[in-house]
Amino acid sequence: MNMPTREQIVEIFAKAIDGGYAIPHINHSDYGDLIAIAEAGREAATPIMAAGTPMTTSAMGFKKISVIAHLLAEEGDTPFIIHCDHCPDPELCKQAIDAGYNSVMIDASDKPLDENIAIVKDVVDYAHARGVFVEAEVGHVAHGEGSSWDASVDEAVKLVSATGVDALAIAMGSEHGFYKELPKLNFDLAVQVHEALPNTPLVLHGGSGIPAADVRHAIASGIRKVNVGTDVRCTYVAGLRDAIAEMGIERHTQDIIAFAQARAKEKIFDVIDMCGSRNKA
Ligand SMILES: [Zn+2]
């Protein structure tokens, strides 16, 4: 199948809202794990989103990622979405859209709300005219350094009604990367935002290391997209390391990558099952 358009992605999330499950979002860091994400989605018959952070997309290039992603989408029957994650700059979002991405996240969550809204609106206008899905964020989920703060229901409603954005990340106590101590998720906040915005898919960032029971609780509270990056990337890289250790350096590169992809896929299947999206494509 070809990559879903914005309308089709909206429909995919509408089904998830009706069915009470979430769509898995997995970050890729190279071509090998990008392929593993597409294969895992296909084998589990789930819609799946493969996402690149600016670190990945600046190193690999939007166009190259997009071309491969389109080929992967055509190989299967399940919806495959290529998403530009945490894009801080509207111009970068527009480059991703022009390169063929069907979904982008504009992240101006570190800015005051009015500024966040203006930046999101600019991207939404550009993206919707081209059939591309847009995610924004309220509250702030920190990246490494810096601090996070929770979203508020009023901010969430104001941002969505002012911009028409398709999906909304709400900061609710999670962090990016692995946790030093277990996060305390603000499930009540998710419930309240979901009640205020019943048709807007809500997104949980920082899924690596959140106990599966807490992720399921977040989904029961209204989360419809779960983002996992670090956990899958580290599993993939550890797979490369272990493959070299077991097979030796002279083994063909494709064998080493296939070993790491298989490891990454096991982790991705765990995320898919946590999301409850298996056989929902
Ligand atoms: Zn994130």
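**Helix packing, barrel and zinc**

Modeller: Happy to! The axes of helix 6 (residues 113-128) and helix 7 (residues 153-163) come within 9 Å and cross at roughly 35°. Axes here are lines fitted to C-alpha atoms, for helices over the stretch in contact, with angles from 0 to 180 degrees between N-to-C directions. Helices (H or I, at least four residues) and strands (E, at least two) are DSSP runs, numbered from the N terminus.

Biologist: Which residues make the contact?

Modeller: Helix 6 brings L113, D114, N116, I117, V120, K121 and V124, and helix 7 brings E155, K158, L159, A162 and T163. Contact means heavy atoms within 4.5 Å.

Biologist: Before I forget, what sort of model is this?

Modeller: This is a predicted model, where local features need pLDDT of at least 70 and side-chain atom pairs count only at pLDDT 80 or more, while totals for chains, interfaces and linings use all residues. Residues are numbered from 1 along each chain as its sequence is written, and side-chain values use heavy atoms, with hydrogens and water left out.

Biologist: Thanks. How do the strands run?

Modeller: A closed barrel of 8 strands goes 1-2-3-4-5-6-7-8 with parallel pairing, and the twist averages 25° from one strand to the next. Strands pair if DSSP finds at least two bridges between them; strand 1 and strand 2 have 3. In one of these, I26 is partnered by A50 of strand 2.

Biologist: And what does helix 11 touch on the sheet?

Modeller: Helix 11 packs against strand 1, strand 2 and strand 8, and its direction makes about 150° with that of strand 1. Helix 11 covers residues 253-275, and its buried residues include I256, F259, I268 and F269. Just after helix 11, G276 has a positive phi of about 75°.

Biologist: New topic: which residues hold the zinc ion?

Modeller: H86 (NE2), H176 (NE2) and H205 (ND1) coordinate the zinc ion at 2.0 to 2.1 Å. Donors are N, O and S atoms within 2.8 Å of the metal (3.2 Å for Na, K and Ca); water is not among the atoms, so sites may look incomplete.

Biologist: Where do H86 and H176 lie?

Modeller: H86 is in strand 3 (residues 80-87) and H176 is in the loop between strand 6 (167-170) and helix 8 (187-196), so the pair ties together parts 90 residues apart in sequence.

Biologist: Is H86 buried or exposed?

Modeller: H86 counts as buried because its relative accessibility is 7%, whereas H176, at 21%, counts as partly exposed. Buried means under 20% relative accessible area, exposed over 50%, and partly exposed in between (1.4 Å probe, protein chains only).

Conventions
Expected span 1.5 Å × (residues − 1).
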